[in-house]
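Have the structure open and follow along.

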Amino acid sequence: MQCNYCERNCRLEEGRHGFCRMYANSGGRLVERFPDKWCAYAVSRVETIPFYHAYPGSRCMVVGTAGCNLDCRYCANAYAAKEDPASLTDILLDIGPGQLVELARKQGCHSIVFSINEPTVSLPTLLRVSRAAKAAGMPMGCLTNGYATPLATALLSEIFSFVNVSLKGLDPEFCGDCLGIADSSPVVRNIRELSRICHVEVTTPVIDGENDHELDAMAALLADINPDIPWHVFRLLPTHKMSQRDYPNIEDINQRLERLRGSLPYIYFHNFIGSEWVGTRCPGCGLEVITRHSLGCGGDKLDTFRCRGDACPECGGRIALLGTRVAWNAGEARA
Amino acid sequence: MSLAILDARQWQQVVDLGTGYKIEAADSPLVGMVKGVLARHPFPGDRDPRGNNWVTDTALDLIDRYDPGFAFLTYARQYYSSRYSPLTAAERAEMRDAAFAEVERFSRESGFTTVLVGTGDMTQAVTPIDLTGLDGLAVASNWSARYAGLYGLSARDMDRLTGHPGLERVATREEIVDLFGGGPEDGSRLPEQMAVARLGHYFNTTSLRRLVMLPAPSYFVPVSANLDGVASVTDVKSAVLARLGREKVAIAFLEGLGCNDFTVPFTACRNGREWYCYEPGDSQYLALTTGEHRVFEHNGGYRYYLDDIERKPFPFSGYFTSLPSGTIGQAYPGRSIAVGNRSMFMHMTTGCDIACECFARNLYNQGLMAVIHRQDKAAGVC
């Protein structure tokens, strides 16, 4: 049989699993190998994921499972995404959907965000969690590499109301060398599709000499899809199989981004301590309407929210937001 | 105002430590000097073999330029490596010896009398304790193996915890307040109950990575025998201050090393009270640097996330919301520095005039941070 969750479309013989090692063929049925198993849960700021334009200031519960359908040479979470999930079963937590939502509520969280590995490898579990979360009035978000089939993308949009898609590169050579996939056209297709249905932000990790020359093309692409899409350009930390690489030069990258800010109003440059490019400016009058701190790997943080609802307090122009500010401790009342 | 210099490699920024806001035109000679030190010594990484060399090299550079009388150093590479890397006994011993060699190099090249303190022994991580199924809430930090805060427990939870094979005890807030001689007003940052794990067990509530070794319950920790009159980690501050009038002194805090690891003569000093012993972390640092137990404010079970509000003070200082008072750096009138690879503890718990530290979290190496608490002592130096 063929797995139809991600664009690898792995062929699975009876009893065997595919590339991500999370689905198997069991008697002709595609089944999850590790349902309801989680590698971690933790309280986080939604800005840390990063989501800058969804429920600013809110507290979310970050969760992850194991496994991934890509083979990124710079994976930051290789300990969960690259390890054989079967080797992690002794430390994976067994938490049912209702219990997971209850855990988020007890910690005063406004939402649940899947962000440690790839949600496409755990869709049936996530679908069950989303039903429990919807019943509890708790939104769900995720970080995804977007390398999903149209069917799985429809499921992602059913589960998650806010999604951050990682657009890692466009050049097929880069995709082959650094990500282990043929090309990124499915990712682009899915950004386009998801942005029609739910709140979408996009993240691009920049690697010197690998994909930095593609920033112009990626910006043009996003502007064509929807210029309101917030774009997070991440300074890549040399990790995993690229740990010996240099740190990308901040000034050089920012110079390139400066030219692009005219076509995309919400471009951010972060994943390093003290970044000056994490505030949201009103596209109309230029006022900084949301001030944030970039705490590097400590995550990002809302400092000041000046919008009135989703409007600039100065000129009244609309700021692209999902929801509005949620006070950090708002959920404590129902915890 | 305390200044923080953020160094993300080839790019630096100066901010107000209290607000996190960028400060324009902050480049005094002292700031320029510290920026230069950071630029010359990029941090190699928590588990990198050069991680402890970085501490000595940076401290010596800073001493050359600032001429302090007191230095607080932390060497943590062996702690991070033991936690996350499977090592043989020989590899651990080699790493331990390398840490002691770095302290020795510091002493030799700086001329400082160096007092060595270990944070405690390590032990194999045997069994995770899963408290996710409680009706109430269990809160454990990534960095605490032994303690978890408990809130809103039901009778069913209490039954389950009482018979749990991985737990040594469940202590109430009142028991902890009594243990450390506090009053009812002291318990606001203590959990309702504290679960205490047995040797080798650890709480698996938020851990992201597989743990290999973790801190063993260490009721005693080693303090090198060149410091007299100490029976507890809380005695170190006053004993060192007494020496500082006569000579230049450094404290070298060796993380992940206990009485079983020390290769120099030492005194085994109390590391807490009765069953409550410190793990490597904020409360142990503060016991050492303030001479007081600060368990009421810093413990393994507080829901630190409650403090993470918008405009939280000291945004670059982790879960600290204020500068601790009574630290050794504040008490010493001469010039002081802190250098270490255990992130924000350097600038928050030592009170030293200048602190240089790695800016790494969960093993992700983002660069460096230096904090200048005191610019007024630099006259004639920079």
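In this predicted model, strands β1(B) and β2(B) pair in the antiparallel sense over 5 bridges. Strands here are DSSP runs of type E with at least two residues, helices are runs of H or I with at least four, and both are numbered from the N terminus. Two strands count as paired if DSSP finds at least two bridges between them. β1(B) is also joined to β20(B) by 5 bridges, and these two strands run antiparallel. The table gives one bridge for each pairing.

Is β1(B) (residues 3-7) enclosed or open? Since 5 of its 5 residues are buried, β1(B) is largely enclosed by the rest of the structure. Buried means that 20 or more other C-beta atoms lie within 10 Å of the residue's own, exposed means 12 or fewer, and partly exposed is in between; C-beta atoms are placed from the backbone. In a regular strand, side chains alternate between the two faces of the sheet. In β1(B), Leu3(B), Ile5(B) and Asp7(B) are buried on one side, and Ala4(B) and Leu6(B) are buried on the other.

A word on the ground rules. Residues are numbered from 1 along each chain as its sequence is written, while chains are lettered from A and ligands numbered from 1 in the order in which they are written. As the model is predicted, local features need pLDDT of at least 70 and side-chain atom pairs count only at pLDDT 80 or more, whereas totals for chains, interfaces and linings use all residues.

Next comes the meeting of the two chains. Here 36 residues of chain B are in contact with 35 residues of chain A, where contact means that C-beta atoms, placed from the backbone, lie within 7 Å. On the chain B side, β2 (12-16), β19 (354-361) and β20 (364-372) are the elements that give two or more residues. The largest share, 5 residues, comes from β20(B). This side divides into 15 nonpolar, 12 polar and 9 charged residues. Ala, Val, Leu, Ile, Met, Phe, Trp, Tyr, Cys and Pro count as nonpolar, Asp, Glu, Lys and Arg as charged, and the others, Gly among them, as polar.

Chain B also holds a helix pair. The axes of α2(B) (residues 51-66) and α4(B) (residues 89-110) come within 9 Å and cross at roughly 10 degrees. That makes α2(B) roughly parallel to α4(B), a label for angles under 35 degrees. Axes are lines fitted to C-alpha atoms, for helices over the stretch in contact, and angles run from 0 to 180 degrees between N-to-C directions. Among the residues that meet are Leu60(B) and Ile63(B) in α2(B), and Ala99(B) and Phe106(B) in α4(B).

Finally, chain A has an open sheet of 8 strands in the order β4-β5-β7-β8-β9-β10-β11-β12, with mixed pairing. β4(A) and β12(A) stand at the edges with a single partner strand each, so one side of each is left without a neighbour in the sheet. Within it, β10(A) and β11(A) pair in the parallel sense over 5 bridges, and Thr204(A) stands opposite Val233(A) in β11(A). Helix α6(A) (residues 185-197) packs on the sheet, touching β9(A) and β10(A).

Methods. Angles under 35 degrees count as roughly parallel, over 145 as roughly antiparallel, 65 to 115 as roughly perpendicular and the rest as oblique. Two residues are in contact if their C-beta atoms, placed from the backbone, lie within 7 Å.
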